[in-house]
Amino acid sequence: MSQKAASKSAAKALFQRANEAYFDDEFEQAESLFTQAIASDSTVGDYYLKRALVRRKLENTDGAAKDARKAADLTADKTEFLRQYFKALHLHGKWSYELKQYDDAAESLRKAALINPTHEEVKDLLDKTEPLTTPKPEPVASVPAKEPSIEAAAEVVPKRPQVRHEWYQNDDFVIIEVFIKRVQKDAASIEFDTKSVSVSVKMPTGSENNFEFEPLMHDIVPSESVYEVLSTKIEIRMKKASAGQKWDHLEESEAQQIAKSNKLSSLGTSRQGISWDSIAADAEKETKVKPSDQGVNQLFQSIFKDADDDTRRAMMKSYVESNGTALSTDWKSVSKGPVETVPPADTIAKPYSR
């Protein structure tokens with residue numbers, strides 16, 4: 001085994017021990033082990049992100065913010081880690097705001113909002129932060145920061161858990177029952193936010209099962225929400241922010257998220273879609289790069305990387321709303337309403353069913 005491979009293997013072992021210490025609420029030991037893992041392999045964003053959460057538990061917000069920033073830097077160019085990248089940006093922005101580092105906070109929150117424009121806390125934090133940033137006397141030309149590719153845009157919506165769950169409600173609480181047997185009481189970690197619940201469970205086999213319910217249908221009160229680990233399930237009780245409010249669903253659907261985004265942007269109701277073939281042809285003319293030379297995916301990444309904010313919003317909105325069958329760079333057209341699914345010739349678009 002090479003020295004590099006040995007270092008990575010040692011880092012993984014230390015990371016596993018650090019997670020165990022974290023679940024045992026031994027935060028100082030967990031921080032030490034995460035630090036050792038990073039010393040062995042400093043290329044893994046998740047190591048920094050987990051240490052950031054531990055440092056936050058230890059009330060070291062400055063250290064937590066720096067780790068979150070490092071995690072974001074390490075995952076920015078890797079589309080398979082888009083969810084991790086978004087979380088790192090979100091946490092860095094949130095903690096930088098608390099530290100009154102408003103310029104740093106705004107930079108991360110803007111990037112997070114570009115990835116998921118419907119995330120309530122990110123939007124609220126950005127609204128609070130923007131007025132507090134240092135005014136710039138004049139714009140300075142710069143090379144645009146590289147953002148996640150458009151292919152990963154649809155992955156923003158959190159994946160559903162790999163275990164069975166049910167939910168019900170009363171006037172004051174929404175209750176989620178996650179059915180996992182033989183979970184130790186100290187092996188589950190639940191984090192509540194205003195519009196989300198994050199679940200991390202150390203399984204009896206030693207593996208971890210991490211998932212999120214986000215965005216929730218309505219706001220909850222994190223400080224009054226609780227959970228309990230039972231012999232056959234984990235019961236999560238989320239306090240409703242508005243007592244008596246009926247939840248039609250546990251989470252907002254993609255259509256509801258898009259509708260909310262459209263409403264906030266005062267959009268119209270007309271529809272327009274552009275086919276992949278058409279946009280690829282236009283892109284070839286604009287960039288003078290043939291798709292056959294570097295692949296259509298890389299071509300779209302190149303367009304997205306160098307595009308302005310309106311073009312990026314148009315690309316992401318059209319791609320997500322059309323279920324990956326259309327892509328547009330024209331924000332004026334896309335902003336007028338949802339983009340229709342445009343299936344390939346001789347095929348029929350069918351709704352996704354779980």
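Is Glu107 buried, partly exposed or exposed, and at what relative accessibility? Glu107 counts as partly exposed, at 31% relative accessibility. The close-ups below come from a predicted model. Its salt bridges number 17.

**View 1. Glu107 and Lys111 pair up within helix H6.** Their side chains meet in a salt bridge, with 3.8 Å from N to O. Helix H6 covers residues 102-115. Lys111 has a relative accessible area of 21% and is partly exposed.

**View 2. Asp62 and Lys66 form a salt bridge in helix H4.** The closest N and O atoms lie 3.3 Å apart. Helix H4 spans residues 61-75. Because Asp62 and Lys66 are four residues apart in this helix, about one helical turn separates them. Asp62 is partly exposed, at 32% relative accessibility. Lys66 is exposed, at 55%.

**View 3. Glu177 and Lys233 are joined by a salt bridge.** Here the closest N and O atoms are 2.7 Å apart. Glu177 belongs to strand S2 (residues 173-178). Lys233 lies in the loop between strand S6 (226-229) and strand S7 (234-239). The pair therefore ties together parts that are 56 residues apart in sequence. Glu177 is buried, with a relative accessible area of 10%. Lys233 is buried as well, at 16% relative accessibility.

**View 4. Glu31, Arg51, Arg55 and Asp67 make up one network.** Salt bridges that share partners join these four residues.

Notes
Residues are numbered from 1 along each chain as its sequence is written. This is a predicted model: local features need pLDDT of at least 70, side-chain atom pairs count only at pLDDT 80 or more; totals for chains, interfaces and linings use all residues. Side-chain values use heavy atoms; hydrogens and water are left out. Helices (H or I, at least four residues) and strands (E, at least two) are DSSP runs, numbered from the N terminus. Buried means under 20% relative accessible area, exposed over 50%, partly exposed in between (1.4 Å probe, protein chains only).
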